[in-house]
Amino acid sequence: MRIDFHSHILPKMDDGSSGTEESIKMLRMLSDSKVDHVVLTPHFYRQNENIQSFLERRSRSYERLCEAVETVRVMPDFSLGAEVYFYPSLSSDPDFEKLCIEGTDYILLELPFERFHENFFSEITNFMNRCDKKIILAHAERYLSFGNKPEDIRRICKINRHIICQMNCSSIAESGIFERNRYLKMISDGMVSVIGTDAHNLKHRPPLFGKAESIIVKKCGQSAFDRICRCGEDILRK
Ligand SMILES: [Fe+2]
């Protein structure tokens, strides 16, 4: 099953889809790429709002999307989630578990876009050790652009066995050859468990699932892509 684990398709929810019309076109593009399921993961920034108010906004946006797709025939299934920007006290927030991907105990966690220093490793280690949820590191490859190395990502994943990595389809589909090969190696090395489009709109950050799939299959083999699909299915099955 092809699953997009990271998307900003909920209408008018964040810096993603501008309205239901664009959301439907994005879902259609995913459907054309034979994507079976899309996890809707709007940004959650604790510095801007609390979890409760985020969830209320998300419900309203979700209702608008559900109403709009009723009239459309072919659509991938979708479920709710969030792209949660890391803050050290996240796991002690009372509504923390409501940020999990619907029906699972996984949270999509976004790390800061900076070089990870020792104090960050201490903070994230403390968080992971206190956290009773499983973690998907959002777009794990993007942190490499800030001077981090795959070993730094691996170091975070080694904190406990419930931390896995998501890679963005656009990084595979649109990067230059050097970066692309670096990212594909992360897939071949088994570092990446799931992929997501991180689609924000139709023009500048469209859903590129199909293009990423063909590159993964061509360069890493069908078995690598199948492993990603299976891992996604295991997450959603829980
Ligand atoms: Fe995102």
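Predicted model: local features only at pLDDT ≥ 70, side-chain atom pairs only at ≥ 80, totals over all residues.
## An exposed loop residue

Asp-95 is exposed, as 11 other C-beta atoms lie within 10 Å. A residue counts as exposed at 12 or fewer such neighbours, so Asp-95 falls in that class.

Where does Asp-95 sit? Its place is the loop between strand 5 (83–85) and strand 6 (106–110). Leaving aside residues up to four places away in sequence, Asp-95 touches Ile-51 and Gln-52. From Asp-95 to Arg-130 the separation is 35 residues in sequence and 15 Å in space, C-alpha to C-alpha.

Three strands make it up, in the order 1-2-4 and with parallel pairing. Strand 1 (3–4) and strand 4 (77–80) are at the edges with a single partner strand each, so one side of each has no neighbour in the sheet.

Two bridges join strand 1 to strand 2 (residues 37–40) in the parallel sense. Ile-3 has His-37 as its bridge partner in strand 2.

## The nonpolar core

Nonpolar side chains tend to be buried together in soluble globular proteins. Here, the largest nonpolar core holds 58 residues. Leu-108, Leu-109, Ile-136, Leu-137 and Met-167 are the ones with the most contacts inside it.

Not counting residues up to four places away in sequence, Ile-136 touches Phe-5, Tyr-106, Ile-107, Leu-108, Leu-109, Ile-164, Gln-166 and Val-194.

## Two residues with positive phi

His-139 is not a glycine, yet its phi is positive, at about 30°. This residue lies in the loop between strand 7 (134–137) and helix 4 (150–157). His-139 is buried, with 22 other C-beta atoms within 10 Å.

Asp-198, also not a glycine, has a positive phi of about 55°. The loop between strand 9 (192–196) and helix 7 is its location. Is Asp-198 buried or exposed? Asp-198 is buried, because 25 other C-beta atoms lie within 10 Å, and 20 or more is the requirement for that label.

## Helix 7 against helix 8

Two packed helices are described by the angle and the distance between their axes. For helix 7 (residues 209–220) and helix 8 (residues 222–237), the axes come within 6 Å and cross at roughly 130°. That angle makes helix 7 oblique to helix 8.

On the helix 7 side, the contact involves Glu-213, Ile-216, Val-217 and Cys-220, which meet Gln-222, Ala-224 and Phe-225 of helix 8. Sorted by type, the contact residues are five nonpolar, one polar and one charged.

Key:
Residues numbered from 1 in each chain as written. Pairing = 2+ DSSP bridges. Helix = DSSP H or I, 4+ residues; strand = E, 2+ residues; numbered from the N terminus. Core = buried A, V, L, I, M, F, W, Y, C linked by C-beta atoms within 7 Å. Contact = placed C-beta atoms within 7 Å. Axes fitted to C-alpha atoms, helices over the stretch in contact; angles between N-to-C directions. Parallel < 35°, antiparallel > 145°, perpendicular 65-115°, else oblique. Nonpolar A, V, L, I, M, F, W, Y, C, P; charged D, E, K, R; others polar.
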